[in-house]
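Thanks for coming. I will go through one model today, starting with its charged pairs and ending with its cores.

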Amino acid sequence: MTTTHHLAALADDHLAAARSAPHGRSAELILHEDQLRQSVIALVEGSALEEHNAPPAAALQVLTGRVRLTAVSGDVELGPGDLRPIPQERHGLLALTDAVVLLTAVTA
């Protein structure tokens, strides 16, 4: 059975959870179909996802706020509605403001 998710409601819920979490983050895997995964990730201003390896293919869509995608090839600032492929290299994510993103990844 397929579940329908309302992204704005999920964004609000996870941002509230991130604001009360000691590490300033909240995340949920909302879709897992074969190799496809989508996660909602909320970060309070100044919190980060430290540098990590990229999956075989991934994209980041900003639902609310502003973030900086950091990578060896260069940093990119993204705002609401921006959609960007994640580079195939180690990368990180920094919240420039309270932010919520949708991560879409294809795993091997």
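**Salt bridges, sheet and cores**

E77 is partly exposed, because its relative accessibility is 43%; on this scale buried means under 20% relative accessible area, exposed over 50%, and partly exposed in between, with a 1.4 Å probe and protein chains only. Before going on, the ground rules: this is a predicted model, where local features need pLDDT of at least 70, side-chain atom pairs count only at pLDDT 80 or more, and totals for chains, interfaces and linings use all residues. Residues are numbered from 1 along each chain as its sequence is written, and side-chain values use heavy atoms, with hydrogens and water left out.

E77 meets R68 in a salt bridge, 3.0 Å from N to O. A salt bridge here is a side-chain nitrogen of Lys or Arg within 4 Å of a carboxyl oxygen of Asp or Glu. R68 is partly exposed, with a relative accessible area of 23%. R68 also has E77 as its bridge partner in β6. Strands β5 (residues 67-71) and β6 pair in the antiparallel sense over three bridges. Strands are DSSP runs (E, at least two residues), helices likewise (H or I, at least four), numbered from the N terminus; two strands pair if DSSP finds at least two bridges between them.

The sheet is open, with four strands in the order β3-β8-β5-β6 and antiparallel pairing. Its edge strands, β3 (48-52) and β6 (76-78), each pair on one side only.

How many salt bridges does the whole structure have? The search finds three. In another of them, R19 and D98 come to 2.9 Å, N to O. That pair links distant parts of the chain, with R19 in helix α1 (residues 7-20) and D98 in the loop between β8 and β9, 79 residues apart. R19 counts as exposed at 52% relative accessibility, while D98 is partly exposed at 26%. R90 forms a salt bridge with E51, the closest N and O atoms being 2.9 Å apart.

Now H91, in strand β8 (residues 91-95). Is H91 buried or exposed? H91 is buried, because its relative accessible area is 5%. Leaving aside neighbours within four places in sequence, H91 is in contact (heavy atoms within 4.5 Å) with residues including E50, H52, L69 and I86.

Last, the largest nonpolar core, which has 15 residues. Such a core is a set of buried Ala, Val, Leu, Ile, Met, Phe, Trp, Tyr and Cys residues joined through side-chain atoms within 4.5 Å. Another core, of ten residues, lies apart from it, with L10 and I30 among them.
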